[in-house]
Amino acid sequence: MSNASQTSPKLQRMSTVLDWIALVCRVVTGVALVVLTVIFGWLVFGRYVLNATPTWVEQVALLLVMLIAFLGAAVGVHENTHLSVSILRTSLPRHVRAVLVVITDVAMASFGGLMFWYGWQLTVFKWGSLIPLIQVPEGLRSLPLTIGGGLILLFSLGHLVRLFLGADERTDSIE
């Protein structure tokens with residue numbers, strides 16, 4: 001049984017909810033990647049076989065890439081698989097490592113909060129105009145930034161809660 005489940009039922013529920021959110025993000029990004037592959041196949045088929053290029057593919061592809069990138073980044077934060085250089089951290093004494101882990105999680109939470117706040121402002125500002133060729137709100141371009149930022153904030157706060165309650169199970173954090 002994990003430390004999180006031994007600590008408290010509330011902490012276990014929090015971890016379960018965050019795991020489910022991450023799972024939904026992985027499913028959405030997986031589906032988006034499949035759709036992206038299919039529409040580019042249609043683009044190539046339309047251009048070279050039908051001699052009629054579907055012009056909407058580029059705009060939809062840009063939306064899908066944003067979705068994949070930002071939701072994927074949030075899942076990376078949750079699963080602690082994001083890019084990091086841990087050689088300095090692992091070579092330091094345990095108490096210094098603990099401080100660096102807290103600083104990193106606070107920085108990630110702050111960055112996610114800023115992404116969410118400014119992404120939301122951009123989404124609201126651009127919602128009134130339409131993306132050419134696909135006629136959907138322009139704010140959809142920045143909506144993945146907003147959602148991804150909110151999720152990075154949420155997942156980072158989850159790490160901090162588990163860390164301060166002694167239930168952090170990340171293997172490269174504080175061994």
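Helices and strands here are DSSP runs, numbered from the N terminus; a helix needs at least four residues and a strand at least two. The model is predicted.

**Exercise 1. State how many helices and strands the chain has, and decide whether the chain is spread out or compact.**

Solution. 
- Step 1: Count the elements. The chain has six helices and zero strands.
- Step 2: Read them in order. The pattern is α-α-α-α-α-α.
- Step 3: Compare the radius of gyration with the globule rule. The chain comes to 20 Å, well over the 16 Å that the rule gives for 175 residues, so the chain is more spread out than a compact globule.
- Step 4: Look at the box. The C-alpha atoms fill roughly 65 × 35 × 35 Å along the principal axes.
- Step 5: Check burial. Of the 175 residues, 33% count as buried.

**Exercise 2. Work out how α3 and α6 are oriented and what kinds of residue form their contact.**

Solution. 
- Step 1: Take the geometry. The α3 and α6 axes are 8 Å apart, at an angle of about 0°.
- Step 2: Apply the cut-off. Angles under 35 degrees count as roughly parallel. The two helices, α3 and α6, are therefore roughly parallel to each other.
- Step 3: Name some of the residues. Among them are Met66, Phe70 and His78 in α3, and Pro144, Gly148 and His159 in α6.
- Step 4: Sort the contact residues. They divide into 13 nonpolar, four polar and no charged.

**Exercise 3. Asn51 and Asn80 each have a positive phi. Locate both, and state whether each is buried, partly exposed or exposed.**

Solution. 
- Step 1: Recall the background. Most residues other than glycine have a negative phi.
- Step 2: Take Asn51. Its phi is about 55°. Asn51 is in the loop between α2 and α3. Its relative accessible area is 68%, so Asn51 is exposed.
- Step 3: Take Asn80. Its phi is about 55°. Asn80 lies in the loop between α3 and α4 (87-91). Its relative accessible area is 24%, so Asn80 is partly exposed.

Technical notes:
Residues numbered from 1 in each chain as written. Predicted model: local features only at pLDDT ≥ 70, side-chain atom pairs only at ≥ 80, totals over all residues. Heavy atoms only, no water. Axes fitted to C-alpha atoms, helices over the stretch in contact; angles between N-to-C directions. Parallel < 35°, antiparallel > 145°, perpendicular 65-115°, else oblique. Contact = heavy atoms within 4.5 Å. Nonpolar A, V, L, I, M, F, W, Y, C, P; charged D, E, K, R; others polar. Rg over C-alpha atoms; globule rule 2.2 N^0.38 Å. Buried < 20%, exposed > 50% of the residue type's maximum accessible area, 1.4 Å probe, protein only.
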